[in-house]
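Visitor: I'm new to reading structures like this one. Could you walk me through it, feature by feature?

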Amino acid sequence: MIAIIANPKARRFSVKKLMVIKEIFSTAYNKVDIFYTAGPMDGYKIAQKIGSSYETICSYGGDGTLNEVINGIVGFDTKLGILPCGTSDVFALELGLPRDATKAAKRYLTPKYASIHLGMVNNRYFILMAGVGIDAAAVLDVNHSLKEYSGKLSYIISGIKSIKSFDKLISVETPFGKKLCYSVIASNAKKYGGNFPIFSKANCFEKNLYVCLFYSKKSLWGIAKSAIYLLLNLNSNLYECFFADEIFIKSHFIPIQVDGDFAGFSPANIKATKKCIKVMI
């Protein structure tokens, strides 16, 4: 049996395509059920409720929906499928899956599996990253009406505003001592913001987090330069990157994003976990 948890508010959601996916799955599974989310954290609640009843649960949405489903099925012996229809679908890109959900569904008729290690911020698992500071402020302030129509452009606009306005120093306890920075990203995956391998040393197949601390303040060029240097794997005094099993955000009331969704405020404990989830690829 297979279940699909679908987010009708995802940017590229299509009922027609969902019905096609159901027909595709019907050729290989004796039962295909669809559950719809209606609000924040519904993906988690549904997945937690049905997690023990299905061999496989698929997320039909973006990375935020995927994160909710993952948190709901952790602890169950349930396989995960990704049917991307969001704004960026970064984790689908990370695994080399097609962004066309019907193509992904056809691929799952003869699936292969990979064990993916999860990270955790406070009590919430993540599969891509946890961000604290500038990028989380951009996620918090994004215009959701604009996001519905323009997709990534809404994040770019919000990001530019956050770079110009965010000026809180973040105190971070690391294995190498206390650090002060303006943004922290603890990444479990290579890609960020789309098909951009910013964190090329990160590896979701291993228990580790690739932590990057950004020291540039209120500078759009500084952030852009940091991204370019990271892509080219060049050293710079604009940022510092290292592997760590655990870091602590000591500062208070700094926004946090998890897999591209707002996830509250610091302080925070961010760590690599031994918990794995089996994903169809």
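Visitor: Let's begin with salt bridges. Which residue forms one with E240, and how far apart are the closest N and O atoms?

Guide: Keep in mind that we're looking at a predicted model. E240 pairs with K179, and their closest N and O atoms are 3.2 Å apart.

Visitor: Is K179 buried or exposed?

Guide: The cut-off for buried is under 20% relative accessible area. K179 counts as buried because its relative accessibility is 18%. E240, at 24%, is partly exposed.

Visitor: How many salt bridges does a search of the whole structure find?

Guide: Six. One of them links K17 to D100, with the closest N and O atoms 3.8 Å apart. K17 belongs to helix α1 (residues 15-26), while D100 is in the loop between α4 and α5 (101-107), so the pair connects parts that are 83 residues apart in sequence. K17 is partly exposed at 28% relative accessible area, and D100 is partly exposed at 25%.

Visitor: What about K207: which residue is its salt-bridge partner?

Guide: That's D245, and here the closest N and O atoms are 3.6 Å apart. K207 comes from the loop between β10 (183-187) and β11 (209-214), and D245 from the loop between β12 and β13 (246-249), so parts 38 residues apart in sequence are tied together. K207 is partly exposed, with a relative accessible area of 33%, and D245 is partly exposed as well, at 44%. There is also a network: salt bridges with shared partners join R12, D89 and R99.

Visitor: Where does D89 lie?

Guide: D89 is in the loop between β4 (79-84) and α4 (90-94). With a relative accessible area of 3%, D89 is buried. Its side chain makes a polar contact of 2.9 Å with the side chain of R99. If you skip neighbours within four places in sequence, D89 is in contact with R12, G61, G62, D63, P84 and R99.

Visitor: Now for the inside of the protein. What tends to happen to nonpolar side chains in soluble globular proteins?

Guide: They tend to be buried together. In this model, the largest nonpolar core has 61 residues, and I4, F25, Y60 and L83 touch the most other members. Strand β1 (residues 2-6) contributes the most to this core, namely five residues. Apart from it there is another core of 26 residues, including C181, F242, V258 and I270.

Visitor: Which residues is L83 in contact with, leaving aside neighbours within four places in sequence?

Guide: The list is I4, I21, F25, C58, S59, Y60, G61, A101, A104, A105 and Y108.

Visitor: Is L169 buried or partly exposed?

Guide: L169 is partly exposed, at 44% relative accessible area. You'll find L169 in the loop between α8 (152-165) and β8 (170-174). The C-alpha atoms of L169 and Y182 are 5.2 Å apart, although 13 residues separate the two along the chain.

Visitor: Last stop, the surface. Which residues form a nonpolar patch there?

Guide: F196, I228, L231, L232 and L234, which together have about 450 Å² of accessible area. Of these, L231 lies in helix α9 (residues 220-231) and counts as partly exposed at 40% relative accessibility.

Notes
Residues numbered from 1 in each chain as written. Predicted model: local features only at pLDDT ≥ 70, side-chain atom pairs only at ≥ 80, totals over all residues. Heavy atoms only, no water. Patch = residues over 30% accessible without salt bridge, like charges linked within 9 Å, V, L, I, M, F, W, Y side chains within 5 Å. Areas by Shrake-Rupley, 256 points an atom, 1.4 Å probe, with all protein chains shown as cover. Salt bridge = Lys/Arg side-chain N within 4 Å of Asp/Glu carboxyl O. Helix = DSSP H or I, 4+ residues; strand = E, 2+ residues; numbered from the N terminus. Buried < 20%, exposed > 50% of the residue type's maximum accessible area, 1.4 Å probe, protein only. Core = buried A, V, L, I, M, F, W, Y, C linked by side-chain atoms within 4.5 Å. Contact = heavy atoms within 4.5 Å. Polar contact = N/O pair within 3.5 Å; in protein donor to acceptor, adjacent residues only side chain to side chain.
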